[in-house]
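Hi,

Here is the structure I promised to pass on. Have a look at it first, and then read my notes below.

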Amino acid sequence: MDLVDLLNSSKHLGILTGAGVSTDSSIPDFRGPNGVWTNSPSSMRNSDFTAFLASEEVRSHHWMNPFYAELETKQPNFVHEAIQTLCPSYLATQNIDGLHTKVGPLSRYAELHGTFRTATCIECDKQYISADVLKSINDGTLPCPPICECGGYIKRDIVMFGQELDWDVFNGFEAFLKEQCDVLLCIGSTLSVFPVAALPGVAKQHGVKVVVINQEETDFDDRADLVIYDDIAKVLGEALTSLGFSVAKTP
Ligand code: NAD
């Protein structure tokens with residue numbers, strides 16, 4: 001079966017996305033040819049929760065890294081729109097950029113690795129808007145790195161290595177894969193970050209047809225039902241055209 005056959009046959013489509021769906025929005029991925037970690041392996045430390053707790057430098061970088069300030073300005077690209085057009089029963093993303101939600105309403109949506117837009121005190125759980133925290137740092141109302149009024153560190157709501165996921169969010173998508181999903185598209189991810197990387201295997205065990213769309217190899221290719229090594233916008237654009245959708249933008 002090819003991609004169009006699978007999409008035509010699917011009644012409960014699941015989609016799992018990674019950083020590759022946002023590269024056309026000028027947001028670099030981590031492990032692709034021009035990825036942040038490919039170009040600068042030492043920057044991995046900035047995504048480590050133990051380093052965040054131990055190092056003022058890492059906490060300052062967490063807040064002042066221009067990567068996050070730039071994310072505020074980014075817009076969805078053709079791939080986000082194409083995914084919306086496919087109308088998945090459940091969309092789960094590893095991305096923290098929130099771009100899927102800027103396209104329009106989604107029936108069921110999970111941000112498995114959190115979001116950069118909000119922040120929380122790691123001691124008292126007080127909630128913050130990240131842009132407000134950054135503004136307070138810049139106008140001198142908060143120190144850098146920022147501290148909550150209880151004295152705890154304020155951290156963006158992104159899941160760092162060594163941190164627990166929000167298990168309610170994770171379990172919700174996993175239950176869908178076990179109980180309802182018939183086709184799962186894994187798009188723009190190396191499928192190498194656990195526990196999310198285990199989800200295609202869970203789907204497969206429950207009879208789901210698993211498709212991988214990525215420009216380079218992933219850790220799940222040998223178990224997938226279909227692997228397409230190509231540009232995501234090209235693959236989804238062609239699939240939508242074959243399905244009879246008028247593709248609004250040329251990828
Ligand atoms: P990854 O960097 O490990 O893998 C991305 C994959 O997408 C790479 O194999 C790359 O070659 C491929 N890719 C990039 N652009 C593509 C395109 N146009 N067409 C086809 N393939 C393309 O990313 P991951 O698997 O999502 O895991 C990394 C972690 O990094 C996640 O936890 C995520 O939260 C985080 N991250 C998020 C963002 C974001 O929110 N936009 C950006 C960077 C990293």
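Which residues of β7 are buried on one side, and which on the other? Val-183, Leu-185 and Ile-187 are on one side and Leu-184 and Cys-186 on the other, and both faces of β7 are covered. In total, five of the five residues of this strand are buried. Here "buried" means under 20% relative accessible area, "exposed" means over 50%, and "partly exposed" is in between, with a 1.4 Å probe and protein chains only.

Before going on, a word on what you are looking at. This is a predicted model, where local features need pLDDT of at least 70 and side-chain atom pairs count only at pLDDT 80 or more, while totals for chains, interfaces and linings use all residues. Residues are numbered from 1 along each chain as its sequence is written, and side-chain values use heavy atoms, with hydrogens and water left out. Helices (H or I, at least four residues) and strands (E, at least two) are DSSP runs, numbered from the N terminus.

**The six-stranded sheet**

β7 belongs to an open sheet of six strands, in the order β3-β2-β1-β7-β8-β9, with parallel pairing. Strands pair through backbone hydrogen bonds, either parallel or antiparallel; two strands count as paired if DSSP finds at least two bridges between them. At the edges sit β3 (109–111) and β9, each pairing on one side only. On average, neighbouring strands here are turned by 15° against each other, direction ignored.

You can follow the pairing across the sheet:

- β1 (residues 13–17) pairs with β7 over five bridges, and Gly-14 stands opposite Leu-184.
- β7 pairs with β8 over five bridges, with Val-211 in β8 as the bridge partner of Leu-185.
- β8 pairs with β9 over four bridges, and Asn-214 stands opposite Tyr-229 in β9.

**Helix α11**

What does α11 lie across? It lies across β7, β8 and β9, and runs at about 130° to β8. (Axes are lines fitted to C-alpha atoms, for helices over the stretch in contact, and angles run from 0 to 180 degrees between N-to-C directions.) Its buried residues are Ile-232, Ala-233, Val-235, Leu-236, Gly-237, Ala-239 and Leu-240. What covers them includes α1 (3–9), α6, β7, β8 and β9.

At the start of α11, a side-chain oxygen of Asp-231 reaches to within 3.3 Å of the backbone nitrogen of Ala-233. Just after the helix, Gly-244 takes a positive phi of about 95°.

Two packed helices are described by the angle between their axes and the distance between the axes. For α6 (residues 78–86) and α11 (residues 232–242), the angle is about 35° and the axes are 9 Å apart.

**Two loop residues**

Is Cys-181 buried or exposed? Cys-181 is buried, because its relative accessible area is 8%. You will find this residue in the loop between α9 (167–179) and β7 (183–187). Leaving out residues up to four places away in sequence, Cys-181 touches His-12, Gly-14, Phe-176 and Val-208. Cys-181 and Tyr-90 are 91 residues apart in sequence, yet 8.5 Å apart in space, C-alpha to C-alpha.

Thr-218 is in the loop between β8 (209–214) and β9 (226–229). Thr-218 counts as buried because its relative accessible area is 9%. Its side chain has a polar contact of 2.5 Å with the side chain of Asp-221. A polar contact is a pair of N or O atoms within 3.5 Å; within protein, one must be able to donate a hydrogen and the other to accept it, and residues adjacent in sequence count only if both atoms are side-chain atoms. A polar atom of the Thr-218 side chain also lies 3.1 Å from the backbone nitrogen of Phe-220.

**The other sheet**

There is also an open sheet of three strands, β5-β4-β6, where the pairing is antiparallel. Its neighbouring strands are turned by 40° against each other on average, direction ignored. Helix α8 (residues 130–138) lies across β4, β5 and β6, while α4 (residues 56–64) lies across β4 and β6.

Notes
Contact means heavy atoms within 4.5 Å.
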